[in-house]
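Colleague: I'd like to learn how to read a few features off a model. Can we go through some together?

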Amino acid sequence: MAKIKFVALGGLDERGKNLYLIEINNNIFIFDVGLKFPEREMLGVDVIIPDFGYLKENRHRIKAIFISKPSDDSFGALPYLLKDLTKDQKTKLAIYSSDLTKFMIEQKLKYFRFMNNNIQLHVVNVNERIEFNDINVFIDAFNTTSSIPGSLGFAIHSRNHPLKAQQKNYADDTIFYLSDYILVGNENNDFTTKIDQIAKIRSVNKANQVLLLISEGQTALRKDFTAPNHKIQNRLEPIIKEAPGRIILACYDQDLFRVNEIFQAMAEVSSTRKVAIHGRTLNEVLQAIANPVTNKSQPKINVKGFNVTFNANDPDKNKIRIVPLQLATKIKDSVVVVTGSGERLFAKMNKIATNNDDELNLLPDDTVILATPPIPGNELAHAAVLDELARTDVKVISISDKQAWSLQASYEDIKLLTNMLEPKYFLPVKGLYKDLNGARNAAIDAGVLHNNALIQDNGEVVTFNNGVLSDVSYNTGKNASRNKDNPNLITTGDVYVDGIGVGDIGAIVIEERRRLMSDGVLITGLTIDRKTKQITSLIDAQMRGVVYLTNNEEMLKKIQTIIINIVEKAQKSNNFSTIEIKNKIKNELQDFMKKETGKIPMILPVINEI
């Protein structure tokens, strides 16, 4: 039977940065290539991506990349990975996803100005099988319910030998991978997990047994099922019906479920309000879904459940009509959907609340709905927006995470799916350790043996031989480097993206930025004669963000005295080094400033030799 390995390069004991590898007989299959947004104290960092070192070393073994859904935590880091892997101009990569995900990947690659003929994007249709006959592997895709249509789960099958003539469906080992999902009733749209489809795929295995279930666990601590706690349509309907003026609804740009809920609420109350989109990404997606007559070059994305049009002459009166933002801002009877990713959404709403937005200013009759509860890390930005909105005359409605659960698996969802699939082993992904432990407990409740419900950390390799867990490697600490005593451990970590720089900054730079923000900077300057080593200028000192030094002559004299003493001691020694002097100035002035001000500013000594 096949030798199978699982390892995460990101996404375990953290939220975001999801990147999971399944290796079958030395062939690497990549599932999701996500990013995560930085915490507020990570000054200047735009996004955080996984360390791709292992994949760069083993690019020749990569068979394919599968993207489960069109969201930042699933494909946001893909452009960075593709750039790294294709630098040799030889590596060819096949990427499989739904048509909506493919469209959004193409838009992201255009934004990065990345075009490479060695990259092939393939659309995976539901019930379609991707065959890798040269290695006796095939992969089935199926719909899952998440915050955005076009979300897929994957079943990875391996065979010990090629199919025989009489065999149509046959697999020795089967692994299920589900990124985001909830189990909900049989709604006829693309937000529905097809339970019967999953059961059919499971039966492909010759023993009708799943070797491993890889399930998301980010919200496993929520008891009960996610459905129907994920819906807010019933809250939106009376607002749409009774609001005296414009409705401004804010949500994440990849939360199309929320956007569709307001469309459905409008249809339910027969609202004739016009809709405008304040966000590039969502506007592009809806354009592709609607495929208006006025834009025949726009690709058509087949998504069930969206009944929208950008065509003012569309004869179908039941469609939600999307108009230009400039027009909707002037119409009293309109809905403006404001979108953004992560903290950018709240930054945009803050500008709107303070009337600093270029396209949308608030009016007294407006109703503002913060429809998406903040994700972890964005709570302060969310609170700041609420505070600014409270200063206006608009009506504000903020929907909390208790009123609208995110479309991710809760405890009972994980338990039911595990019960359906009856996997031999269970491994949760996506979430902090406490979340993963909650998912593990759900799997054990569903019948998985205690020792077969695993919790791993990034870089730890799980190996299966002949359908049995044969080896589990453990890091000595979070994001530990590869252990020489255990070569199966893989190096993982965070790579900071700062502007156009990728990996140019590290923890030291971040710490320096924090100190500059909190304690300020002290810059000193002096000139030394290269031959005599005597100070030939006045000693200058400038502070920013510490104290106003111009009005504090006593402190300035003490700083000058410290520097003079350091230089004089160096003159008496046999080894006069300006580098050594700078280091001593830094150390002694830091101690001095801490005693005098209680702060430890950055010390930047400048020494000119003439």
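Colleague: Which residue forms a salt bridge with Arg15, and how far apart are the closest N and O atoms?

Modeller: Keep in mind that this is a predicted model. A salt bridge is called when a side-chain nitrogen of Lys or Arg comes within 4 Å of a carboxyl oxygen of Asp or Glu. Here, Arg15 pairs with Asp435, and the closest N and O atoms are 3.0 Å apart. The pair links distant parts of the chain. Arg15 sits in the loop between β1 and β2, Asp435 in helix α13, 420 residues apart.

Colleague: What about the salt bridge of Glu422 and Arg202: which parts does it tie together?

Modeller: First the contact: the two side chains meet at 2.9 Å, N to O. Glu422 lies in the loop between α12 and β20, and Arg202 in helix α5, so the pair ties together parts 220 residues apart in sequence. Glu422 is partly exposed at 48%. Arg202 counts as buried at 11%.

Colleague: How many salt bridges are there by this rule?

Modeller: The count comes to 28. Another one joins Asp255 and Arg258, at 4.0 Å, N to O. Asp255 is buried, with a relative accessible area of 9%. Arg258 counts as buried too, at 3%. Salt bridges can also link up: Glu14, Lys17, Lys36 and Asp494 form a network.

Colleague: Which residues of α11 are buried?

Modeller: Ala381, His382, Val385 and Leu389. They cover an arc of only 100 degrees around the axis, so they lie on the same side of α11. What covers them includes α10, β18 and β19. The face turned away from that buried side carries the exposed residues Leu380 and Ala390.

Colleague: Last one. Which residues make the nonpolar surface patch of about 210 Å²?

Modeller: Ile523, Leu604 and Val606 make that patch. Val606 belongs to strand β27, residues 602-609. Its relative accessible area is 39%, so Val606 is partly exposed.

Terms used. Residues are numbered from 1 along each chain as its sequence is written. This is a predicted model: local features need pLDDT of at least 70, side-chain atom pairs count only at pLDDT 80 or more; totals for chains, interfaces and linings use all residues. Side-chain values use heavy atoms; hydrogens and water are left out. Buried means under 20% relative accessible area, exposed over 50%, partly exposed in between (1.4 Å probe, protein chains only). Helices (H or I, at least four residues) and strands (E, at least two) are DSSP runs, numbered from the N terminus. The arc is that of the directions from the helix axis to the C-beta atoms. Contact means heavy atoms within 4.5 Å. Patches are made of residues with over 30% relative accessible area and no salt bridge: like charges are joined within 9 Å, nonpolar side chains (Val, Leu, Ile, Met, Phe, Trp, Tyr) within 5 Å. Accessible areas come from the Shrake-Rupley method with a 1.4 Å probe; for residues, only the protein chains shown count as cover.
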